[in-house]
Amino acid sequence: MGRPGLSRRQLLATAGGLTVAGSAAFAALGTGADALASGADTRVRYWNLFSGGDGSNMIAMLDAFRKEHPDIAVKDSTLQWGNPFYTKLAMAAAGNRAPELGVMHLGRVAGFSPGRLLDPWDENLLAKYGVRKADYNPALWNRGVIDGKLYALPLDIHVQLCFYRRDVLKKADLLGDDGRMIDVTSTADWFDVLKKAKKVQKKGLQTIGLWTNDQNFQWWFFVAFYTQLGGQWFNGENTEALFDADKATEVLEFFRKHVTDGYVIPGAPTGEQFINGAPFTWEGNWSVPVFSGAELDYGATPLPPVFGKRATHAESHSFVLPHQSGRGRATNEAAHELAAYVVTHALQWAAGGHIPAYTPTLSTAAYKKLTPNNEYVSAMDHQATEPKVWFAGSTGVLAQDLGPMVVSSTMGSAKPAAVAQRMKKELGKLLASKNPMDGTTAAQGGAVA
């Protein structure tokens, strides 16, 4: 790609916002420890960041693969979520100690120096094991394409949702004949819904949980509604910020109104309030197992299209090939086979609330029976994603810099219009800043699909 080489020492010296945690933070927990001593023909080391319910679902899928493929020994290791994981993965790739297979959030791929720290997928090998571009939502597939090569193979999309209590909304006459929340197509409609729900809800509870003081959730919500308004981020060359401060102000004022009109209790535990009877909460789809486990009478839809256009924030867990100088042969093919197997057998993964990226899964009878998953599966076609630049992605620089600004507006410590201008100014600065992974600006980075 015409970029200077990156040594492990240079990576550590320029890591910027990436924090290198102690060895305890990188303690790997794997279910395939015996793979190192296995008599299998081929070994695949696989690093991921899945814990809790996601971790259990992934282990079940890996065990199924092992049973069907005894000739491939899979050594899976689960590492600490967030920047510690990305730092360790980058160090391993720079030092030629990388595993055969890894997982990343799709939004982080553009900043991970594709071609230096990541190797491209062999699409012919993927097709051999049943995964083709035609099996994907085109926009989702293309997010993993840089300089014409596929660097990320999406496993799912995980989205922000509007969870609602059917038992409460029924009392407020806010359910349709299908038992689902009525359609909302404007901010006026939305606040009318909240007003009606508040009249019948339990005393002492908030009407809706918005994670008002959490920079990540507030940023994710902002991305969704700014996208609904048709807001732009940068020009095609990533040399100029096209951020619309007026549209941003409109979104920020919308958030703030939830607080000023008394529908939110700032700092209240959103999930707990919902379980205890709050009518609404905006959460990630990973809360589905929690709410279903509590045996609630609830539903979940994509975030309401209050500004007319349907769009809900989406990220994606994706398989990547961390750079290996000698990548190829049997271990590389086995990594492709393992990733393809998990992607094509993702019904188990859907139990965690995630929407499988492999679209043939979505049309199966088994997936269509999943609730409330079948209610929000349409989010696949209305994804609001962060711009494809090095400083974007889950827990990335963009969320760290702009998320607190959104919080300050929602919580009332700063005026929405003033915050919108600060956001625009910061976006301009980020465009001019250099990626610590390879020393390039967004404009100098790889071409996007």
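I take angles under 35 degrees as roughly parallel, over 145 as roughly antiparallel, 65 to 115 as roughly perpendicular and the rest as oblique. Axes are lines fitted to C-alpha atoms, for helices over the stretch in contact, with angles running from 0 to 180 degrees between N-to-C directions.

I note that this is a predicted model, in which local features need pLDDT of at least 70 and side-chain atom pairs count only at pLDDT 80 or more, while totals for chains, interfaces and linings use all residues. Residues are numbered from 1 along each chain as its sequence is written, and side-chain values use heavy atoms, with hydrogens and water left out.

Entry on H2 and H12. I looked up helix H2 (residues 52–68) against helix H12 (residues 329–344), and found an angle of about 125° with the axes 10 Å apart; helices (H or I, at least four residues) and strands (E, at least two) are DSSP runs, numbered from the N terminus. H2 and H12 are therefore oblique to each other. For the contact (heavy atoms within 4.5 Å), I listed Met58, Met61, Leu62, Ala64, Phe65 and Glu68 of H2 and Glu337, Leu338, Tyr341 and Val342 of H12.

Entry on H7 and H9. The axes of helix H7 (residues 187–200) and helix H9 (residues 245–260) come within 12 Å and cross at roughly 15°, which makes H7 roughly parallel to H9. Thr187, Trp190, Phe191 and Leu194 of H7 meet Phe254, Lys257 and His258 of H9.

Entry on S12. I checked strand S12 (residues 312–315) on both faces and found each covered, with Thr312 and Ala314 buried on one side and His313 and Glu315 buried on the other; buried means under 20% relative accessible area, exposed over 50%, partly exposed in between (1.4 Å probe, protein chains only). In a regular strand the side chains alternate between the two faces of the sheet. Strand S8 (residues 156–165) pairs with S12 in the antiparallel sense over two bridges, where pairing requires that DSSP finds at least two bridges between the strands. Within that pairing I located glutamate 315 of S12 as the bridge partner of histidine 158. S12 also pairs with strand S15 (residues 383–384), in the parallel sense and over two bridges, and there histidine 313 stands opposite alanine 384 of S15.

Entry on Arg165. I followed strand S8 to arginine 165, which is buried, with a relative accessible area of 9%. Leaving out residues up to four places away in sequence, arginine 165 touches Phe274, Ile275, Asn276, Gly277, Ala278, Pro279, Leu296, Asp297 and Tyr298.
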